[in-house]
Amino acid sequence: QVQLVESGGGLAQPGGSLRLSCAASGSIRSINRMNWYRQAPGKQRELVAASTSGGSTSYVESVKGRFTISRDNAKNTVYLQMNSLKPEDTAVYYCYANVKDLSWYDRDYWGKGTLVTVSS
């Protein structure tokens, strides 16, 4: 079993910054993708930023140039640095990981989410 625990959410003003962290723990052999999703009120969950174990990253258009996803594979941790925050960034942010367990079995895991509120 694998657990993902997010941290770093909270209240920020427009133009401010927050850094989210997600630490994976449990029966982990390796992690391929570690991504950040978000779900705003009344909207569907969307992929915000994606990363691979090899270091490739991608972003939804609305956050390009403002958000940066990074990983520490040795710590099974992914980060999302959010700069120049806008009110439309307000959402619950979820960590996702595709994990290869010790039996070489791939499974998807989700964190419980951390709320980011951007408001003046």
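Over the ring of which residue does the charged end of Arg-19 sit? A few notes on this follow.

1. This is a predicted model, where local features need pLDDT of at least 70, side-chain atom pairs count only at pLDDT 80 or more, and totals for chains, interfaces and linings use all residues. Residues are numbered from 1 along each chain as its sequence is written, and side-chain values use heavy atoms, with hydrogens and water left out.

2. The ring under Arg-19 is that of Tyr-79, with the charged end 4.0 Å from the ring centre. A charge sits over a ring if NZ of Lys or CZ of Arg is within 6 Å of the ring centre and within 35 degrees of the ring normal. Arg-45 has its charged end over the ring of Tyr-94, 3.7 Å from the centre.

3. Arg-19 also has a bridge partner in β8, Gln-81. Strands β3 (residues 18-26) and β8 (residues 77-82) run antiparallel and are joined by six bridges; strands are DSSP runs (E, at least two residues), numbered from the N terminus, and two of them pair if DSSP finds at least two bridges between them.

4. The open sheet has four strands in the order β1-β3-β8-β7, with antiparallel pairing. At its edges stand β1 (2-7) and β7 (67-72), each with a single partner strand, so one side of each is left without a neighbour in the sheet.

5. Do look at Tyr-37, Tyr-96 and Trp-110, which form one aromatic cluster. At 18% relative accessibility Tyr-37 counts as buried, while Trp-110, at 39%, counts as partly exposed (buried is under 20% relative accessible area, exposed over 50%, partly exposed in between; 1.4 Å probe, protein chains only). Rings of Phe, Tyr and Trp (its six-membered ring) pair if their centres lie within 6.5 Å; planes under 30 degrees apart count as stacked, over 60 as edge-to-face and the rest as tilted.
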